Amino acid sequence: MSEALPVTSFEFSLPRERIIKLYGAPGTGKTTTLVKIIEHLIGFQDHTEFLENYGINLPFGQYEPGEVIFMTFQTSALKEFEARTGIKVKDRQNKPGRYYSTVHGIAFRLLIDSGAVDGLITQNFGSLSPEDWFRNFCRQNGLRFESSEMGYSNVFNEGNQLWNALTWAYNVYYPTKGPKARYEALKRLAPKLWKFPPLWEEYKKGRGILDYNDMLVRAYEGLRSGEIDPRNLPGHKYSPKVLIVDEFQDLSPLQFEIFRLLANHMDLVIIAGDDDQTIFSYQGADPRLMNYVPGLEVVLRKSHRLPIVVQAKALTVISKTRHRKEKTVAPRTDLGDFKYKLFWFPDFLNDLVREAQEGHSIFILVRTNRQVLKLGKELILAGVHFEHLKVDYRSIWEAGSKEWGTFRDLVQALLKAKRGEELEVADLVTILYYSELIDWHLGEGISEKERYKKIAEQMEKTIEAIEKGLMPFDVLRVKENPFSVLDLEKIESLSPRHGKVAVELIKELMKEKSQVVSIPKDARIYLDTLHASKGREADVVFLINDLPRKWSSILKTREELDAERRVWYVGLTRARKKVYLLNGKHPFPVL
């Protein structure tokens with residue numbers, strides 16, 4: 001974050017009374033309030049009484065769904081809107097939900113619908129994202145790049161350094177320095193990497209693709225020059241009149257300029273956010289920007305999530321940061337609880353099992369994706385089944401077949417067999433699916449569709465026999481000793497990340513005295529990063545406070561320390577009942 005705000009202007013042609021600023025601390029219902037505002041504006045449901053409680057006076061049913069631009073960083077907000085209204089949030093042209101998307105998605109659609117970019121460019125991308133194309137570029141040039149570890153998660157891979165530096169430089173400095181913003185990226189790179197930014201530009205040009213920086217820069221230039229008129233898009237039959245932005249605090253200066261230029265074409269602008277929850281500083285997000293937007297300020301004063309003790313601890317953390325807007329928010333009347341311990345896995349496991357057995361939903365939050373993988377392996381070996389919060393990051397426990405059994409179903413069936421309990425038909429089917437008796441491979445050159453069909457035929461034939469009361473020899477073997485028929489190669493193939501450790505768990509279960517814990521089958525346990533928890537909540541949150549060893553080299557300035565405190569503040573404020581702050585070998589001074 002630059003000390004001086006690198007934006008060209010804070011001027012808005014829209015009258016001040018047509019801009020509403022909604023400040024929502026954790027658990028105050030900010031996103032739900034935004035969704036209700038949209039429902040009210042498009043005539044889906046009248047929320048006049050609800051809105052008047054906050055001093056908001058908006059017309060009911062004055063706009064069509066396609067006349068609204070809803071910009072957000074959280075897909076959960078889009079899903080909530082889609083579930084409540086039935087309006088599909090899609091990227092097809094001339095659909096009412098086309099401009100309900102992320103800032104990059106909206107920028108790209110403006111380029112397509114205005115004709116600034118040929119719509120055929122989507123064919124150039126194929127099925128690959130900008131990260132996928134950049135990974136291919138890095139491989140071609142001998143650079144390591146992990147798209148799952150952005151920002152500070154992996155600052156030591158040279159490909160990640162390059163991506164981070166370019167993203168930060170363009171997002172922060174393009175509005176004031178234009179194309180020369182790339183020189184700011186070079187200041188963050190070792191001299192040996194200076195040759196790669198122009199090579200990346202040539203790579204994109206040769207393949208006719210854009211990266212996220214290109215989408216933002218071109219949309220900004222198009223709006224500034226008048227080439228893009230959001231009220232008159234040749235490729236879109238609707239004329240947007242309302243601009244709504246969620247998680248406004250995570251806008252970078254370049255994204256802020258796109259917002260400002262869009263806002264000047266609108267009849268009504270509503271922004272919502274919380275400067276304390278800025279978590280994308282590594283991409284240039286600046287928590288001060290929201291405070292400079294004129295308009296009616298509305299502060300949501302009641303947290304429906306945080307109990308007294310948890311809120312008090314969270315405020316201890318966030319009060320140390322600069323450039324924040326003071327907000328008085330009442331917690332729930334529950335006292336809540338806060339545990340401060342050293343991280344020792346057996347102790348952590350005991351607490352985890354106890355909380356799960358009490359029926360609590362649980363978040364286990366770590367700082368990086370690499371730590372998710374490492375801790376995930378230990379939890380798998382202990383028999384703790386979990387899911388991830390990221391929609392594109394599937395847990396090993398969910399791998400397998402929804403129809404015939406996931407890995408979670410397999411482990412639960414094996415635990416029942418080990419305890420001597422009677423196996424149900426569903427248990428037999430699951431074990432059979434992972435056994436050597438069902439062929440998954442079926443030779444080379446067979447399509448996935450045909451492979452699935454043949455596996456289904458094998459399974460259905462056996463299931464039919466079981467349901468008729470017939471117990472063929474293979475099913476009898478499953479009942480007598482399910483471990484003896486398992487195909488461990490199948491289990492390993494379930495996940496490139498955790499396949500081998502899944503096999504280790506099965507071998508542990510085979511032992512007479514295994515160390516597998518007893519977790520309820522319906523336990524709601526989620527393991528992920530602090531960033532992934534944004535917008536979510538759980539009864540109990542375990543914060544594993546252990547930074548990568550070399551991070552001391554990147555957390556030096558006041559801005560970097562403030563940015564890190566905001567990330568931990570977000571993690572702390574996910575809890576409805578209790579927080580465990582567990583310090584590892586290299587803890588960040590959270591409290």
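Author: Happy to; we can go through the domains, the sheets, the cores and a few single residues. One thing to keep in mind is that this is a predicted model.

Reader: Good to know. Which domains does the assignment give?

Author: The domain assignment lists domain 1 (16–117 + 219–300), domain 2 (121–209), domain 3 (310–384 + 517–583) and domain 4 (396–510).

Reader: And what separates the centres of domain 2 and domain 3?

Author: Taken over C-alpha atoms, those centres are 31 Å apart.

Reader: Let's talk sheets. In what order do the 6 strands of the open sheet run?

Author: The order is β3-β2-β4-β5-β1-β6, with parallel pairing. At the edges are β3 (100–101) and β6 (296–300), each of which pairs on one side only.

Reader: How many bridges join β1 to β5?

Author: There are 5 bridges between β1 (residues 19–24) and β5 (residues 268–273), and the two strands run parallel. Within that pair, leucine 22 sits opposite alanine 272 of β5. Helix α11 (residues 253–263) packs on this sheet, where it touches β2 (68–71), β4 (242–245) and β5, and its direction makes about 155° with that of β4.

Reader: So is α11 enclosed or open?

Author: Helix α11 is largely enclosed by the rest of the structure, because 11 of its 11 residues are buried. The buried residues include Gln255, Glu257 and Arg260, along with Phe256 and Phe259.

Reader: You mentioned Phe259. What does phenylalanine 259 touch?

Author: Not counting residues up to four places away in sequence, Phe259 touches Phe12, Leu243, Val245, Phe248, Leu251, Val269, Ile271 and Val293.

Reader: And how many residues are in the largest nonpolar core?

Author: That core has 69 residues, and Leu243, Phe248, Phe259 and Val269 are those with the most contacts inside it. Helix α7 (residues 158–177) supplies the largest share, 10 residues. The core draws at least three residues from each of domain 1 (16–117 + 219–300) and domain 2 (121–209). Another core, of 61 residues, lies apart from it and includes Phe386, Leu423, Tyr434 and Ala523.

Reader: What is glycine 208 in contact with, leaving aside its neighbours within four places in sequence?

Author: Glycine 208 is in contact with Ile121 and Asn124. The C-alpha atoms of glycine 208 and phenylalanine 125 are separated by 8.1 Å, although these residues are 83 apart along the chain.

Reader: Okay, on to the sheet with 5 strands. What order are they in?

Author: This open sheet runs β7-β13-β12-β8-β11, again with parallel pairing. The edges are β7 (337–342) and β11 (525–529); each has a single partner strand, so one side of each is left without a neighbour in the sheet. From one strand to the next the twist averages 20°.

Reader: Last one: at what angle do the axes of α12 and α21 cross?

Author: The axes of α12 (residues 308–318) and α21 (residues 558–572) cross at roughly 175° and come within 9 Å. The two helices are therefore roughly antiparallel to each other. Val310, Lys313, Ala314, Val317 and Ile318 of α12 meet Arg565, Arg566, Tyr569 and Leu572 of α21.

Terms used
Residues numbered from 1 in each chain as written. Predicted model: local features only at pLDDT ≥ 70, side-chain atom pairs only at ≥ 80, totals over all residues. Heavy atoms only, no water. Core = buried A, V, L, I, M, F, W, Y, C linked by side-chain atoms within 4.5 Å. Buried < 20%, exposed > 50% of the residue type's maximum accessible area, 1.4 Å probe, protein only. Helix = DSSP H or I, 4+ residues; strand = E, 2+ residues; numbered from the N terminus. Domains from an automatic or database assignment. Contact = heavy atoms within 4.5 Å. Pairing = 2+ DSSP bridges. Axes fitted to C-alpha atoms, helices over the stretch in contact; angles between N-to-C directions. Parallel < 35°, antiparallel > 145°, perpendicular 65-115°, else oblique.
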